[in-house]
Amino acid sequence: MSSDTTTPSVPQPAGGESAGRKPRVAVVFGGRSSEHAISVVTAGAVLAAIDRTKYDVLPIGITTDGRWALTDDAPERMAITDRRLPSVADLAESAEGSVLLPVEPASREVLYSEPGNVPKVLGDVDVVFPVLHGPYGEDGTLQGLLELSGVPYVGSGVLASAVGMDKEYMKRVFLSFGLPVGPYEVIRAREWDRDPAAARKKIVDFAADHGWPVFVKPARAGSSMGISKVDSLDGLDDAVAEARRHDPKIIVESLLRGREIECGVLEFEDGPRASVPAEIPPVTAHDFYDFEAKYIDSAAGIVPAPLTAEQTARVQELAVRAFDAVSCEGLVRADFFLGEDGEFVINEINTLPGFTPISMYPRMWQESGVSYPELVDRLIQAALRRSTGLR
């Protein structure tokens with residue numbers, strides 16, 4: 001990372017999109033959540049896949065303390081190497097410079113500011129490709145900023161992003177639309193802070209009704225961060241503490257016995273379509289499909305999942321229904337359990353699913369006939385067609 005105060009050199013697009021220049025894509029990544037490193041990995045894959053003959057690209061990283069930094073366009077430096085997770089701080093052109101988005105819809109001009117220097121114009125941005133996972137990026141906050149700025153962006157809007165991040169309200173929406181949901185209980189921050197004994201009893205009663213083990217999760221986190229499988233009362237307090245380290249609100253879910261099935265949804269010109277599904281087989285080296293299994297040890301899913309034609313059609317139907325129920329746009333990965341009774345139960349959706357080279361969402365679409373570069377291009381084109389504001 002450079003520590004000098006020289007303003008980074010940034011290619012300047014000539015004129016507006018109407019003047020014949022290529023659309024300019026700002027890839028925004030990193031962020032303040034515990035999924036910072038995975039967001040950087042995702043950004044590396046997206047940057048490597050964007051067709052540079054078709055688009056100009058502006059990489060913008062958000063540091064863990066919230067600074068928007070101009071970063072190197074260096075996908076090769078954004079991978080997990082020797083179990084070391086990358087960060088925006090390692091990629092930033094300057095230790096102090098900040099990127100400033102427009103604050104009014106009349107302008108899409110991005111500025112670069114450093115202490116003691118006059119802000120420099122970096123040019124217009126036509127679309128933002130946000131690849132931030134978790135709070136302060138995937139939860140509707142960034143989407144709200146882009147709506148205020150009038151800059152189109154890839155993926156779901158404010159409401160769908162917020163609902164898709166909050167596992168409690170996601171499940172409430174699913175239930176209201178008649179989608180099958182497994183048993184769960186929610187412990188809000190004030191419940192645990194005010195009376196931890198009563199909150200603990202609420203979880204124990206839930207386990208008595210539905211059986212141990214239970215999964216204790218942050219209500220608004222992803223990438224399996226902060227999740228614990230709890231087999232008895234003995235491990236409960238530690239599991240709650242770990243979940244609350246990521247989110248003061250937690251959700252407790254019963255163990256759903258069966259096969260873990262995922263399905264991707266992608267918005268085409270004529271509406272959302274489902275990919276071939278995938279199956280996450282039991283991971284022998286891990287207690288469940290946790291962060292280490294997903295990203296460090298690269299536990300592989302089976303694509304396509306070995307399902308009957310009827311089962312495939314059913315899970316695809318449910319995935320699209322979930323997409324529509326939450327009013328999603330662009331892309332979604334829907335996660336299910338296929339129970340021993342042959343019925344599917346939806347566990348959750350991800351409005352910005354893992355997008356690394358080993359992630360299930362791109363792999364499912366690859367097997368459905370949409371390559372990774374084509375997937376990236378379709379998402380950018382869909383965002384360029386869509387306006388901001390009420391729609």
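Predicted model: local features only at pLDDT ≥ 70, side-chain atom pairs only at ≥ 80, totals over all residues.
**Overall fold**

The chain contains eleven helices and 16 strands. Its C-alpha trace spans about 65 × 50 × 45 Å along the principal axes. The radius of gyration is 21 Å, which agrees with the value near 21 Å that a compact globule of 391 residues would have. Buried residues account for 55% of the 391 residues. Of the contacts with a separation of 6 or more, 67% are between residues 24 or more positions apart. The chain exposes about 16400 Å², and 51% of that area comes from carbon and sulfur atoms.

**Nonpolar cores**

In soluble globular proteins, nonpolar side chains tend to be buried together. In this model the largest nonpolar core has 34 residues. Val27, Phe29, Val46, Ile50, Phe129, Phe355 and Val376 have the most contacts inside this core. Two or more residues of the core come from each of strand S1 (24-30), helix H1 (36-49), strand S7 (127-130), strand S12 (258-268), helix H10 (360-367) and H11.

Phe355 gives a local view of this packing. Leaving aside neighbours within four places in sequence, Phe355 is in contact with Thr42, Ala45, Val46, Leu331, Tyr361, Pro362, Tyr372, Leu375, Val376 and Leu379. A second, separate core has 27 residues, including Phe174, Ala305, Ala325 and Phe344.

**Helix H4**

H4 covers residues 167-176. Its buried residues are Lys167, Glu168, Met170, Lys171, Val173 and Phe174. An α-helix has 3.6 residues a turn, so residues three or four places apart point the same way. The buried residues of H4 pack against helix H3 (158-165), S8, strand S9 (214-218), strand S11 (250-254), H9 and strand S16 (344-350).

At the start of the helix, a side-chain oxygen of Asp166 comes within 3.0 Å of the backbone nitrogen of Glu168. After H4 comes Gly178, with a positive phi near 80 degrees.

The side chain of Glu168 also forms a salt bridge with that of Arg188, at 2.6 Å from N to O. Arg188 sits in the loop between strand S8 (184-187) and helix H5 (189-194), 20 residues from Glu168. Glu168 is buried at 1% relative accessible area, whereas Arg188 is partly exposed at 24%.

**Salt bridges**

The count for the model comes to 33 salt bridges. Three of them are listed here.

| Pair | N to O distance |
|---|---|
| Glu168 and Arg188 | 2.6 Å |
| Arg385 and Glu269 | 3.8 Å |
| Arg391 and Glu329 | 2.8 Å |

Arg385, in helix H11, and Glu269, in the loop between S12 and strand S13 (271-274), are 116 residues apart. Arg385 is partly exposed, with 48% relative accessible area, and Glu269 is exposed at 59%.

Arg391 is partly exposed at 46% relative accessibility, while Glu329 is buried at 13%.

**The network around Glu329 and Arg386**

Which residues are linked in a network of salt bridges? They are Glu147, Glu267, Glu329, Arg386 and Arg391.

Apart from neighbours within four places in sequence, Arg386 is in contact with Pro152, Tyr153, Val154, Gly155, Glu267, Glu329, Gly330 and Arg391.

Glu329 is in contact with Gly155, Ser156, Gly157, Glu267, Phe323, Arg386 and Arg391, again setting aside neighbours within four places. One polar atom of the Glu329 side chain lies 3.3 Å from the backbone nitrogen of Gly157. The contacts of Glu329 therefore include two arginines of the network, Arg386 and Arg391, and Glu329 itself is buried at 13% relative accessibility.

Definitions and conventions: Residues numbered from 1 in each chain as written. Heavy atoms only, no water. Contact = heavy atoms within 4.5 Å. Core = buried A, V, L, I, M, F, W, Y, C linked by side-chain atoms within 4.5 Å. Buried < 20%, exposed > 50% of the residue type's maximum accessible area, 1.4 Å probe, protein only. Helix = DSSP H or I, 4+ residues; strand = E, 2+ residues; numbered from the N terminus. Salt bridge = Lys/Arg side-chain N within 4 Å of Asp/Glu carboxyl O. Polar contact = N/O pair within 3.5 Å; in protein donor to acceptor, adjacent residues only side chain to side chain. Rg over C-alpha atoms; globule rule 2.2 N^0.38 Å. Areas by Shrake-Rupley, 256 points an atom, 1.4 Å probe, with all protein chains shown as cover.
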